[in-house]
Amino acid sequence: MKIALLQESDLNADMEKQLAGLFRQLNADIKQINLTQVLDPENPISLVYCVDNNKVLGMALMCTYTVISGIKGWVEDVVVDVEHRGKGIGRKLMEKLVDLGKEKGLTEILLFSADKRIEAINLYKSLGFREKESRIYVLRTSS
């Protein structure tokens with residue numbers, strides 16, 4: 001089993017198909033953006049994935065940005081294949097993102113998790129994430 005940072009040069013039709021399948025497990029209602037657009041050098045994103053025997057078992061993404069209050073990371077799209085959950089893959093993916101955040105000198109890493117995702121919330125808390133006293137709001141600007 002290998003945890004790696006996805007590079008644009010790693011992309012091929014099979015990898016794209018497997019990552020799209022994982023994303024559908026996370027949220028089948030959202031149309032996925034093309035991975036070459038996600039991995040564009042102008043887009044400050046880190047996509048880490050877990051692969052074993054050429055099968056992608058999980059992925060997690062973190063975008064980074066700089067604002068007056070610091071250099072931050074925002075975690076999105078964390079998902080482990082339903083057949084491989086409970087094996088520590090999500091933890092390894094998140095640990096890799098946290099390590100990348102430390103390497104980049106981030107002042108904080110943020111994430112959002114729906115209240116119903118109890119296992120994910122427990123994982124995040126076990127890694128040191130704490131609930132922030134704030135709310136998240138969304139404004140959809142396109143359909």
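Which side-chain oxygen reaches to within 3.0 Å of the backbone nitrogen of Asp14 at the start of α1? In this predicted model, the atom belongs to Asn12. Helix α1 spans residues 13-26 and has 14 residues. From its first C-alpha to its last, α1 reaches 20 Å, close to the 20 Å expected at 1.5 Å a residue.

The strands of the model are described next. An open sheet is formed by 5 strands, in the order β1-β2-β3-β4-β5, and the pairing is mixed. Strands β1 (2-5) and β5 (108-111) stand at the edges; each has a single partner strand, so one side of each is left without a neighbour in the sheet. From one strand to the next, the twist averages 25°. In general, strands of a sheet pair through backbone hydrogen bonds, either parallel or antiparallel. Strands β2 (residues 45-52) and β3 (residues 55-67) run antiparallel and are joined by 8 bridges. Within this pairing, Ile45 has Cys63 of β3 as its bridge partner.

Helix α1 packs on the sheet, where it touches β2, β3 and β4 (70-80). The direction of α1 makes about 80° with that of β3. Buried residues of α1 are Met15, Gln18, Leu19, Ala20, Leu22 and Phe23. An α-helix has 3.6 residues a turn, so residues three or four places apart point the same way. The cover over the buried residues of α1 includes β2, β3 and β4, the strands that α1 touches. Helix α2 (35-38) is also among the elements that cover these residues.

Cys63, the bridge partner of Ile45, has 25% relative accessibility and so counts as partly exposed. A disulfide is a covalent bond between the sulfur atoms of two cysteines. With sulfur atoms required to lie within 2.5 Å of each other, the count of disulfides comes to 0.

Towards the end of the description stands Ser113, found in the loop between β5 and α4 (118-126). Its relative accessibility is 13%, so Ser113 counts as buried under the 20% cut-off. Leaving aside residues up to four places away in sequence, Ser113 touches Ala120, Ile121 and Tyr124.

Note on methods
Residues numbered from 1 in each chain as written. Predicted model: local features only at pLDDT ≥ 70, side-chain atom pairs only at ≥ 80, totals over all residues. Heavy atoms only, no water. Pairing = 2+ DSSP bridges. Helix = DSSP H or I, 4+ residues; strand = E, 2+ residues; numbered from the N terminus. Axes fitted to C-alpha atoms, helices over the stretch in contact; angles between N-to-C directions. Contact = heavy atoms within 4.5 Å. Expected span 1.5 Å × (residues − 1). Buried < 20%, exposed > 50% of the residue type's maximum accessible area, 1.4 Å probe, protein only. Polar contact = N/O pair within 3.5 Å; in protein donor to acceptor, adjacent residues only side chain to side chain.
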